[in-house]
Amino acid sequence: MNIVYLTTESVPFAKTGGLADVCGTLPSVVAANGHQCSVIMPAFDSIRRSSMPIERTDISFAIDMPSDRIVGGRVLKSTLPGGNVPVYFIDQPQYYSRPFLYGDKHGDYRDNAERFIFFCRAAIELMKRLGKRVDLVQCNDWQTAIVPALIQNGVGGLPIETPTILSIHNLAYQGSFSAEAFPLTGLPWDRFRSESFEFYGGLNFLKTGIVTADHVCTVSPTYAREIKTPVHGCGLDPILRSLGDRVSGIINGIDTDIWNPAKDVHLVRNYDVDSWENGKLENKLALQAEMNLPSDPDVPLIGLVGRLAEQKGWDLILPVMREHLREGRPTQWAVLGSGDPVIESELRWLKEEHPDQLAAHIGFSDPLAHRIEASSDLFVMPSRYEPCGLNQLYSLRYGTVCVVTATGGLADTIVDTTGETIANGTASGFHLRSYDAASLDRAIGDALRLRFHEKEIWKKIVSHGMTRDWSWRKSASQYIDLYARTISLKRRVAK
């Protein structure tokens, strides 16, 4: 199969979240299974700061935009790490040479509709120019979601029967714009219909992809079910329910070479499932020193890495953290992240008031993220919703037990610790009983009681988590099956 991935993010070229990890790894693993893969993305400024060489190509083009405007562009090229997957960049400095991908401190860029309609049209033009038969196009999130509709309407010249899959990494981000943006697609107004582009009078990129792609895939089976409900459907649940089994979910994998405690270069001591007790202890003492916390092997260390946002459960975390700090409970907290200025300010204040219990690094540091994962006793991730989540997978790999809400990918990857799961050896973490601060505090307390008073049970939980397979090999095989089924079904329908 020849699979083309359309995305705005891919490690190591551009990243704001998990989409970049998926599109930076999945194509390479699929290619290693004998398929042809390529990635197309915008030429953001960040691509020139990556570790990969960027080459010019002889491909250039011009897109006829409304109001008698012709917008030109050229194509740059690199490869994903490993060299087996080409990456093509749509280079249009007016649209993509900016400090950030989607917006700045003032909000989303006002011309995002134009920027990403141009990208979608240019990507189709490039696929045609490359001259290879495209067996399937995988679109990722709203920025590429109108591609299935454009192909079906003959924009760009690809065969209209080309199979497409839309991958949704977070349904909350939909790309909703005024209907005035529709002419940028190059289509006449009679194509602006409810069965494709139109949604409540406006242009909704994600809704367009949902109703026109051959299959919709999310990043976990539970999230695929949740988005069909009013609670998590973000207004699109009736449409998603109407698709039936055309909506499915595949858990993201992780790079088990990069996230491997046995050879992680960021750790002071490497360890595996047979040596994790001493390994985690040495890393814990080193992290306590690095983050100016008192060095004490017997104080529980609670780690948190990720966006500082309400979606990640900070409306629960902060009340529990305040209570622990105010009452002087024997816990330490190591926080790494950035996001909501209010949460950032609160963490800075709490750190100043309780320097012996709270260490908070506002910002991001990949080496520090590895060290927090390796050093913590618990990793807390009580998300309101979580399409997949990666940090809980890193935690399992590093022998760090998770406390999570049973939603989305967290429900699919963390098995709650109960009498039954302890007995059958499947327990790998702790679920909140309900979404409130009291439940989070209770789950943390339950976990710490086992950690320090039921050490044999704790060892089984840690060992089970460390030995589970969350590699991309497993996920990629599921994607390959989905690609084959989608192509086969489309060909049968076309006949």
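Visitor: What volume does the largest cavity have?
Guide: The model is predicted, and the figures here are computed from it. The structure holds 1 cavity of 30 Å³ or more. The volume of the largest cavity is about 60 Å³.

Visitor: Which element gives the most to the lining of the largest cavity?
Guide: The lining is made up of Thr421, Ile422, Gly425, Thr426, Ala427, Ile457, Lys460, Ile461 and His464. With 4 residues, the element that gives the most is α16.

Visitor: How many charged residues are in the lining of the largest cavity?
Guide: The lining of the largest cavity includes Thr421, Gly425, Lys460 and His464. By class, the nonpolar residues number 4 and the polar residues also number 4. The count of charged residues in this lining is 1.

Visitor: Is α15 roughly parallel or roughly perpendicular to α16?
Guide: Helix α15 covers residues 437-453 and helix α16 covers residues 455-467. Their axes lie 6 Å apart, and the two helices pack at an angle of about 110°. Angles of 65 to 115 degrees count as roughly perpendicular, so α15 and α16 are roughly perpendicular.

Visitor: Is the crossing of α15 and α16 left-handed or right-handed?
Guide: On the α15 side the contact uses Ala447, Leu450, Arg451, Phe452 and His453, and on the α16 side Lys455, Ile457, Trp458 and Ile461. These residues divide into 6 nonpolar, 1 polar and 2 charged. As for the hand, the way α15 passes α16 is left-handed.

Visitor: Which element gives the largest share of the lining of the second largest pocket?
Guide: The second largest pocket holds about 360 Å³ of space. It is lined by 16 residues, and the closest to its centre are Trp276, Glu277, Leu281, Asp377 and Arg451. Two or more lining residues come from each of α8 (276-290), α15 and α16. The largest share, 5 residues, comes from α8.

Visitor: How many charged residues does the lining of the second largest pocket have?
Guide: Among the residues closest to the centre of this pocket are Glu277, Asp377 and Arg451. By class, the lining has 5 nonpolar and 3 polar residues. The number of charged residues in it is 8.

Visitor: Is α8 oblique or roughly perpendicular to α11?
Guide: The axes of α8 and helix α11 (residues 366-375) come within 8 Å of each other and cross at roughly 130°. Roughly perpendicular covers 65 to 115 degrees, and roughly antiparallel starts over 145. The angle therefore makes the relation of α8 to α11 oblique.

Visitor: How many charged residues are in the contact of α8 with α11?
Guide: The crossing of α8 and α11 is left-handed. From α8, the residues Lys280, Asn283, Lys284, Leu287 and Glu290 meet Leu368, Arg371, Ile372, Glu373, Ala374 and Ser375 of α11. The contact has 4 nonpolar and 2 polar residues, and its charged residues number 5.

Visitor: How many nonpolar residues does the contact of α1 with α17 have?
Guide: The axes of α1 (residues 18-32) and α17 (residues 472-494) come within 9 Å and cross at roughly 75°, which means that α1 is roughly perpendicular to α17. The contact is made by Asp21, Val22, Thr25, Leu26, Val29 and Val30 of α1 with Trp472, Arg473, Ala476, Tyr479, Ile480 and Tyr483 of α17. Besides 1 polar and 2 charged residues, the nonpolar count is 9.

Visitor: Which residue does a cis peptide bond join to Val11?
Guide: Most peptide bonds are trans. Here omega is about 10° for a cis bond.

Visitor: What is the phi of Asp141?
Guide: Most residues other than glycine have a negative phi. Asp141 sits in the loop between β8 (136-140) and α4 (147-152). Its phi is positive, near 65°.

Note on methods:
Residues are numbered from 1 along each chain as its sequence is written. This is a predicted model: local features need pLDDT of at least 70, side-chain atom pairs count only at pLDDT 80 or more; totals for chains, interfaces and linings use all residues. Side-chain values use heavy atoms; hydrogens and water are left out. Axes are lines fitted to C-alpha atoms, for helices over the stretch in contact, and angles run from 0 to 180 degrees between N-to-C directions. Angles under 35 degrees count as roughly parallel, over 145 as roughly antiparallel, 65 to 115 as roughly perpendicular and the rest as oblique. A crossing is left-handed if the near helix is turned anticlockwise from the far one by less than a right angle, and right-handed if clockwise. Contact means heavy atoms within 4.5 Å. Ala, Val, Leu, Ile, Met, Phe, Trp, Tyr, Cys and Pro count as nonpolar, Asp, Glu, Lys and Arg as charged, and the others, Gly among them, as polar. On a 1 Å grid over the protein atoms alone, a cavity is a set of points where a 1.4 Å probe fits but cannot get out, and a pocket is an open set with protein on both sides within 12 Å along at least five of seven lines; lining residues have an atom within 4 Å of a point. Grid points are joined across faces, edges and corners, and a volume is the space filled by probe spheres set on the points.
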